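Here's a friendly walk through one model. Have a look at it first, then read on.

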Amino acid sequence: MAIIEVKDLRKSFGNLDVLCGISFEVEKGEVISVIGPSGSGKSTMLRCMNALETYDGGSIQILGQEVKTAPDINDLRKHVGMVFQQFNLFNHKNVLENCVMPQMKVLKKSRAEAVEEAMLQLGKVGLKEFAHAYPDTLSGGQKQRVAIARAICMHPDILLFDEPTSALDPEMVGEVLKTMEDLAKEGLTMVVVTHEMSFARDASNRVIFMADGLVVEEGTPEEIFGAPKQERTKAFLAKILR
Ligand code: ADP
Ligand code: MG
């Protein structure tokens, strides 16, 4: 059974049609990379999946629940986490608090339970010793690993990533990709918008190529990178893999 089912998704900002009928499904445990040129609607699509944005037509079902009519957005977001390009950490809270607060607020956990979980997940991303540091003192790669730990503390069924390495200095991309690859191996369902073709090729089960608000082509990494069918896909890959 599909854990995510997107059907004919449509979204406009005023006169601008940004999503023009997007359809795809994701099975539990799949890692999907979404690639495509800037402005093609990738972020808007992810934001719709997490109810950060409304949509005008079509449907998004997450675990069988239509996102638009979900009775409780917090409940939906317990199931669907998101990692942003700009980390979105609370800079006036230390690393531990960043991971503890959402658990207490949304999952109603006790502080002790939330701290235990936070330390476990910070350990997994290699940042246990930074628990009491403030985000401003961390590198971009460390901040993004905190953001991933914070998301994982919520034990989401699905984790969405919107260009998680695009704001990083090149030497920090590897540590974040490694963290993501570890999650993929653990069987987490992930939808990753990325320009990192190595991740798309080596760590995902399926690749979706989007352009102009449409899914132009989808397939296994072998299919998309080895034998793309659509001219638009070929042109994009020729540019990005140059
Ligand atoms: P991508 O992530 O693929 O680069 P986006 O989803 O960010 O694409 O944007 C798709 C298009 O929608 C772009 O033309 C962008 O300028 C426009 N857009 C995105 N968000 C808004 C918004 N809140 N208001 C108006 N236009 C927007
Ligand atoms: Mg984007």
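Predicted model: local features only at pLDDT ≥ 70, side-chain atom pairs only at ≥ 80, totals over all residues.

## Around the ligand

What surrounds ligand 1? Residues around it, with a heavy atom within 4 Å, include Phe13, Leu16, Val18, Pro37 and Lys42. By class, the shell has four nonpolar, six polar and one charged residues; here Pro counts as nonpolar, Lys as charged and Gly as polar. Helix 1 (42-49) and strand 2 (16-27) each bring at least two shell residues, and helix 1 gives the most, with three. Helices (H or I, at least four residues) and strands (E, at least two) are DSSP runs, numbered from the N terminus.

## Two helices side by side

How do helix 5 and helix 6 cross? Helix 5 (residues 140-153) and helix 6 (residues 170-185) have axes, lines fitted to C-alpha atoms over the stretch in contact, that come within 8 Å and cross at roughly 20 degrees. That makes the pair roughly parallel, the word for angles under 35 degrees. Their crossing is right-handed, meaning the near helix is turned clockwise from the far one by less than a right angle.

## How to read the numbers

Residues are numbered from 1 along each chain as its sequence is written, while chains are lettered from A and ligands numbered from 1 in the order in which they are written. Local features need pLDDT of at least 70 and side-chain atom pairs 80 or more, while totals for chains, interfaces and linings use all residues, and side-chain values use heavy atoms, leaving out hydrogens and water.

Conventions:
Axes fitted to C-alpha atoms, helices over the stretch in contact; angles between N-to-C directions. Parallel < 35°, antiparallel > 145°, perpendicular 65-115°, else oblique.
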